[in-house]
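Subject: Structure handover

Hello,

Here is the structure I promised to pass on. Please open it first, then read the notes below it.

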Amino acid sequence: MAHDQKKSVLTEQQVAQPTSSKNTLTINDNRTGKQYEIPIENDTIRAMDLRQIKVKDDDFGMMTYDPAFMNTASCKSKITFIDGDKGILRYRGYPIEQLAEKGNYLETAYLIINGELPTKSQFEDWTDNIMKHTLIHENIKKFMDGFHYDAHPMGMLVSTVGALSTFYTDAKNIKDPATRRLQIYRLVGKMPTLAAFAFRHSVGRPYVYPDNDLSYAGNFLNMLWKMTEVKYKVNPVLERALDVLFILHADHEQNCSANAMRSVGSSHVDPYSATAAASAALYGPLHGGANAEVLYMLDEIGSKANIPAFIKTVKEGKGKLMGFGHRIYKNYDPRAKIIKQLADEVFEVTGRNPKLDIALELERIALEDEYFVKRKLYPNVDFYSGLIYQAMGFPVEMFPVLFAIGRTSGWVAQWEELLMDAEQKIARPRQVYLGHGTRDYIMMGKR
Ligand code: SDX
């Protein structure tokens, strides 16, 4: 049974109605008979307030135990709001559906990082500053060339974005707002270039330099697909689709990679090294690697006729339905809905991805099957995005790289919010030690 179903489900009547104005939690420690009043703030208690709960005075004091932080808030944030039960996602209060329909990625990046939608002149300055930082140091090509021909582009991205810290040594000055802003311009501007260079290396084609006459997404397509033509001709439908996909992937509150960005950033390392850590987290198949795993899964299923047998193996615990389920969403991921609509526009241009029929049938069956319904497993952002990327000509290995480009604005926003938060310190969780007590060394011959 899923974690959130182990607890008893309270009915409306049973839900305790506030009986007093005291905003506290009263804890009775039955080991000692002592009672503690713990303040409640934002419907949470401070874990440090539990340390006073002891049996003996010299005890360390009580902690919470929360593997994978299933129920732990690590920070206060104003960037992204998610209501997993209702399938709501908002960046700085703006619904993702409106930003995807009416906005563009650089505007969304401005919103996420600065907190407000930009005016026309603010947007022009922002775009100009980012687009003039799309070039990378020529030396980066040398170690990009050092990778094997079949090196995974995500491994190349993690390495090269970390290497940027050696070119911009001013980035260590994280306390200076102007320096932080310059690194943010560089990171948002250069991620598409690093991604495109990694792709071109993997297909043995020459690197294509940025063309700053083009849009953010258009320039990325240029650096990926330009061949011998003088000027790359951007397909507006694919340009728009990619821009919307970047918007949908821009941030997602305290996901695994944002947590990595914050945790590593809390040591006050430069933002390039922190972004390399976040990218590494995103590389994992349970996080950003999931959209590639969806395609592998659809290939394994092969046809609609094989779906029932595949579903059976998943229900027997022999594997996961990749692209389904989410730690927060216990409803349809709002991003998956938008991507599903986007797929039709892309397939008009690229031709329909034959795997879409298997995906649609898989979704239909899973949404009716008790195993998935009981566990509140719905399609997430990764279920349909891979089908679009593949139809656009991206190899599967590039999918998490595309995710990383969009998510960079979220990572840097989370990083800067962490640095500005006076309550934050270097992240250093505790543990519950269950290992050996003291024991003396035994000489090799006596073991
Ligand atoms: C992203 O955090 C974010 O915001 C991430 C992200 C973002 O924008 O940054 O949204 C992007 O990473 C989306 C998720 C992409 N990953 C996948 O699609 C991989 C497949 N999904 C699962 O691995 C899983 O759903 C997770 C990792 C996404 C969430 O796992 P949880 O919250 O830890 O849930 P769980 O593992 O505790 O599962 C609860 C139950 C378990 O069954 P029981 O042990 O209770 O019997 O549901 C089952 C799980 O086995 N389950 C699945 C399943 N996901 C969970 N069973 C089959 N297929 C699945 N996909």
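Phe-399 is buried, with a relative accessible area of 0%. Keep in mind that this is a predicted model. The partner of Phe-399 is Tyr-389, and the two form an aromatic pair. Their ring centres are 5.4 Å apart. Tyr-389 belongs to helix 17, residues 381–391. Phe-399 belongs to helix 18, residues 399–420.

A pair of aromatic rings is described by the distance of the centres and the angle of the planes. Take Tyr-168 and Tyr-272 on those terms. Their centres lie 5.6 Å apart and their planes are at 35°, so this pair is tilted. The tilted class is what remains between planes under 30 degrees apart (stacked) and over 60 (edge-to-face). Where do the two residues sit? Tyr-168 is in the loop between helix 6 (153–167) and helix 7 (177–202). Tyr-272 is in helix 11, residues 271–283. The pair therefore ties together parts that are 104 residues apart in sequence. Are these residues buried or exposed? Tyr-168 is buried at a relative accessible area of 14%. Tyr-272 is buried at 0%.

Helix 11 also holds Tyr-283. Tyr-283 counts as partly exposed, because its relative accessibility is 33% and the partly exposed class runs between under 20% (buried) and over 50% (exposed). Tyr-283 and Ala-404 are 121 residues apart along the chain. Their C-alpha atoms are separated by 8.9 Å. Ala-100 lies in helix 2, residues 96–102. Ala-100 is buried, with a relative accessible area of 7%.

Two arginines sit over rings. Arg-51 lies over the face of Phe-60, at 3.6 Å from the ring centre. The charged end of Arg-375 is over the ring of Tyr-371, 3.8 Å from its centre.

Next, the ligand. How many residues surround the ligand? There are 25, and the closest are His-252, His-326, Arg-327, Arg-335 and Arg-407. A polar side-chain atom of His-252 is 2.4 Å from an oxygen atom of the ligand. Asn-380 also comes in through its side chain: an N or O atom there is 2.9 Å from a ligand oxygen. Phe-324 uses its backbone instead. One of its backbone N or O atoms lies 2.9 Å from a nitrogen atom of the ligand. Taken alone, the ligand exposes 1000 Å². The protein buries 83% of that.

Ser-257 is found in helix 10, residues 256–265. Ser-257 is buried, with a relative accessible area of 0%. Its side chain makes a polar contact with the side chain of Asn-255, at 2.6 Å.

On to the backbone. Most residues other than glycine have a negative phi. Ala-68 lies in the loop between strand 2 (34–39) and strand 3 (80–83). Phe-69 is in the loop between strand 2 and strand 3 as well. Phe-69 is partly exposed, with a relative accessible area of 47%.

Last, the domains. The chain is divided into domain 1 (27–66), domain 2 (87–282) and domain 3 (290–391). The C-alpha centres of domain 1 and domain 2 lie 44 Å apart.

Best wishes

Note on methods
Residues are numbered from 1 along each chain as its sequence is written. This is a predicted model: local features need pLDDT of at least 70, side-chain atom pairs count only at pLDDT 80 or more; totals for chains, interfaces and linings use all residues. Side-chain values use heavy atoms; hydrogens and water are left out. Rings of Phe, Tyr and Trp (its six-membered ring) pair if their centres lie within 6.5 Å; planes under 30 degrees apart count as stacked, over 60 as edge-to-face and the rest as tilted. Helices (H or I, at least four residues) and strands (E, at least two) are DSSP runs, numbered from the N terminus. Buried means under 20% relative accessible area, exposed over 50%, partly exposed in between (1.4 Å probe, protein chains only). A charge sits over a ring if NZ of Lys or CZ of Arg is within 6 Å of the ring centre and within 35 degrees of the ring normal. Domain bounds come from an automatic or database domain assignment. A residue is near a molecule or strand if one of its heavy atoms lies within 4 Å of it. A polar contact is a pair of N or O atoms within 3.5 Å; within protein, one must be able to donate a hydrogen and the other to accept it, and residues adjacent in sequence count only if both atoms are side-chain atoms. Accessible areas come from the Shrake-Rupley method with a 1.4 Å probe; for residues, only the protein chains shown count as cover.
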